[in-house]
Structures are given as C-alpha cells and as structure tokens.
Amino acid sequence: MTEQPLLVAEGLHLHFGETKALDDASLHIWPGEVVALMGPSGSGKSTLLHCLAGILQPDSGRVAYHGRDLTAMSDSERSALRRGEFGFVFQFGQLVPELTCVENVALPLRLSGTGRREAHRTATDWLERLEVGDVAGKRPGQVSGGQGQRVAVARALVSRPRVVFADEPTGALDSLNGELVMKLFITAARDTGAAVVLVTHEARVAAYSDREAVVRDGRVREQEHAR
Amino acid sequence: MSVTFALLGLLENGPRHGYDLKRTYDDTFGRDRALHYGQVYSTMARLLKNGLVEVESEPGDGPERKRYAITHAGITDVAEWIGRPEKPEPYLQSTLYTKVVLALMTGRDADEVLDSQRAEHLRMMRELTRRKTDGDLADELICDHALFHLEADLRWLELTAARLDRLAARVRP
C-alpha cells in the first residue's frame, strides 16, 4: 500500500485586512516526520501552522487531515479533532497557572474522559520522561522557563497525538535550555510516532527536523513535499 | 588545529609510547581524523631535535620501546600556546558572497543560490545534531562548535536574502 500524507494543505490564501498572510501556500506532512517551517518574520509560517492545525480558517484553499477536509468541518468537529489527534507547544503561557504541573499534563486526559488516578499516573510518567518529575507538585509560576516548556511538551504528547504543532517552542529560552527541550521533545515525539510541525527562525532548532519547508511571502518555496 | 602542541600537551601528565600517544590523541581530539603513526613519530622527532621532548628507552629497544617525555622547555611552550588567544578568523573572503553578486550581475537566480546553500547547510546541521544527540559530552561540545558556525552562515544568508533587491540595484550594470 502506498503511504498517504497525514496532513495536506493546498493552495491556501488568507488575508488579514489588506495584508496577504498566505498566498497559495501548499504543504504535505507525512506520518511521523518532523518538519521545520522556516522563513523570515512575517513570512506567514505561523499563520500556515495555525491553518494546518485548524485554528485559523483560510479564505480559500483546503486543509485535509487523513483525507478529511478541516475547512469544511463545523467548529465543534474541528475542536474534537484538535483535542483527539493534535498536540500543541507554544513559546510560553500555555499552562494553566492555577493547576500544578502534573495536573496540567493530566488535563487533556481528564478532558477526554480518563479517570483521575490513571490520568495522574500517565502524566507523572510523562513528566519523568521529560526529566521534570521533580516539579510535578509545583505550579507553572514556580518553575523555570525551561522546566515549564518541558511540562508543556509532556502535556502536548500525553494523549498520544498524531501531530504536534510547535510554534517557536524554544523562543523564550537560552540556548542550553532550548537544546535540552528540543532534544527531549523530538526524541519523545519520534518514540510515539507523532509527526511534528515546527515553526522556528533558528537554524539550530530546525536541525532537529527531518526536512525544512521555507515560507516566503505567504508561500512555501518549491522542492519540499518530500517522500 | 595544532597537532604538535596537542601531542606535546598530552605528554605533560607523564611519558608515553608513540602508539599510546596516538591512541590518546585519537580518543580525545581525533573525531573524524585519526592520526597516522608516521605523523606521530615525525612530530616526536622534530620535538626531540628542538629539545621539547626527550626519549626514555626501555630494555629490548626498537622504535616501539621508546617512551617520550616532555622537557621543561616543552612545558613552557605548551603553557605559552594555551595562554595565547587564537587569532579570530576575519571571514572577509566569502565565496558565497561572490556567487550571489555574480548571479545578480549576470541575471541568474540569486534566491536559488541562497536557497540551495541553506538546504546544504541544514543537511550538515542535521547530521551534526544527530551525532550530538546520540553522543557523549565531548561529541556535544565539538558538534556545537560546528553548529554555531554553520548557524552564523545561515543568519548571514537570511539577511542577504532580505537585502537582495538592494544589492541587485547596486551591482546590476
């Protein structure tokens, strides 16, 4: 059987007022691969990521996940898909400040109906895997930036998503912490078989990917549908 | 890198046979480039002539029975070498800059020059990142050194890509 791409964006256009954010952007993501979206600020790489993840709706064009058209789904169908199949890591601020780190990681499992004790146990395992088992009982405000990002990675991976979307996941970290986050993040993602779509302007972060797709002026530069 | 000073420096913690010296060098600094035995012996011969090492022979002679020891003059030279800052590369002769300018002057696609170079750099960076991820602390430090240099090239490349129109206006006949 020929392998099918997991996620396909075709001819995406999106305007913010007068500004053309996406201008005929197309990209394929294959199961289990790590793709870095690169390009200068304002090139449209984050917008493309948000469209791929079904967070933003393009003006025209199509995004398909496993052949299902995201742009034709209802909001609630898209939310369900995001919750069940996708994971997210942002630059910062994605953890719920009132919850402890382990509660943050357990949250996606709880929302999808896993029992309290099992969710807690799985979340603890994930924190340990990301080498932040010691901050389980702390609130996000009490941990360092690098620890917080590793907790966020654990939360993104805990429900075993098929795709993890990461937007500048090391953007707020110094290089040593950034390296550690990337190393643990990509190793764990590869272990679970999740594909990763990674927006970054840093070449050293992009070097953790299998391939790069360069976004310029709202379009993905040729070459890379890969496979 | 100065193989001579590295070999001399390795003798500072005690005398070594040529083969032992080679093995220690390869383990510590060699990475992709192991030394030839010949290079070790010719370097030792030169250092011997200059009085920076001396030979302690063991019974049953033959070349492999020779143990090299560093002299006081050798130690002074190593100390001087370690303490002297390396001259920073000025990086003013850039082949890539020449290619970009010529592409613009001759109406070729300069964007393409930069794009294919970026792809090439990232390929190398990926390989180094893999080695680093699978390796020990020494691998990490050595690969990081290379990665930072490649990253610097890439930053220049992105900046140049953003200024191509201005550069084109200057160099086009």
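**Figure 1. Helices α1 and α3 of chain B meet through B:Val3, B:Thr4, B:Leu7 and B:Leu8 on one side and B:Gln39, B:Val40, B:Thr43 and B:Leu47 on the other.** Residues in contact have C-beta atoms, placed from the backbone, within 7 Å of each other. By class, this contact of α1(B) with α3(B) holds 5 nonpolar, 3 polar and no charged residues. Nonpolar covers Ala, Val, Leu, Ile, Met, Phe, Trp, Tyr, Cys and Pro; charged covers Asp, Glu, Lys and Arg; the others, Gly among them, are polar. The model is predicted: local features need pLDDT of at least 70, side-chain atom pairs count only at pLDDT 80 or more, and totals for chains, interfaces and linings use all residues. Residues are numbered from 1 along each chain as its sequence is written, while chains are lettered from A and ligands numbered from 1 in the order in which they are written.

**Figure 2. The packing of α1(B) and α3(B) has an angle of about 80°.** Two packed helices are described by the angle between their axes and the distance between the axes. Here α1 spans residues 3-10 of chain B, α3 spans residues 37-49 of chain B, and the axes are 10 Å apart. That angle makes α1(B) roughly perpendicular to α3(B). Angles of 65 to 115 degrees count as roughly perpendicular, under 35 as roughly parallel, over 145 as roughly antiparallel, and the rest as oblique. Axes are lines fitted to C-alpha atoms, for helices over the stretch in contact, and angles run from 0 to 180 degrees between N-to-C directions. Helices (H or I, at least four residues) and strands (E, at least two) are DSSP runs, numbered from the N terminus.

**Figure 3. Helix α1 of chain B has buried residues: B:Leu7, B:Leu8, B:Gly9 and B:Leu10.** A residue is buried if 20 or more other C-beta atoms lie within 10 Å of its own, exposed if 12 or fewer, and partly exposed in between, with C-beta atoms placed from the backbone. What covers these buried residues includes α2 (18-30), α3, β3 (66-70) and α4 (72-83) of chain B.

**Figure 4. Chain B is spread out and divided into two domains.** Chain B has 8 helices and 3 strands. From the N terminus on, its elements run α-β-α-α-β-β-α-α-α-α-α. The radius of gyration of chain B is 23 Å, well over the 16 Å from the globule rule for 173 residues, so chain B is more spread out than a compact globule. This radius is taken over C-alpha atoms, and the rule is 2.2 Å times the number of residues to the power 0.38. The C-alpha atoms fill a box of roughly 75 × 35 × 25 Å, taken along the principal axes. Domain 1 covers 3-83 and domain 2 covers 95-171; such bounds come from an automatic or database domain assignment. The C-alpha centres of the two domains lie 38 Å apart. Buried residues make up 19% of chain B.

**Figure 5. Chain B touches chain A with 11 residues, and these contact 10 residues of chain A.** Helices α6 (110-134) and α7 (137-162) of chain B each supply at least two residues of the touching side. The largest share, 6 residues, comes from α6(B). By class, this side of chain B has 5 nonpolar, 2 polar and 4 charged residues.

**Figure 6. Chain A matches the radius of a compact globule.** For 227 residues, such a globule would have a radius of gyration near 17 Å; chain A has 17 Å, which agrees. There are 7 helices and 10 strands in chain A. Its C-alpha atoms fill a box of roughly 45 × 40 × 35 Å along the principal axes. Of its residues, 45% count as buried.

**Figure 7. A:Cys51 sits in helix α1 (residues 45-52) of chain A.** A:Cys51 is buried, with 24 other C-beta atoms within 10 Å. Not counting residues up to four places away in sequence, A:Cys51 touches A:Ala9, A:Leu12, A:Leu14, A:Leu22, A:Leu56, A:Pro58 and A:Val63.

**Figure 8. A:His66 and A:Asp217 have positive phi values.** For A:His66, in the loop between β4 (60-65) and β5 (68-69) of chain A, phi is near 50°. A:His66 is partly exposed, with 13 other C-beta atoms within 10 Å. For A:Asp217, in the loop between β9 (211-216) and β10 (219-220) of chain A, phi is about 50°. A:Asp217 is partly exposed, with 15 C-beta neighbours inside 10 Å.

Conventions
Contact = placed C-beta atoms within 7 Å.
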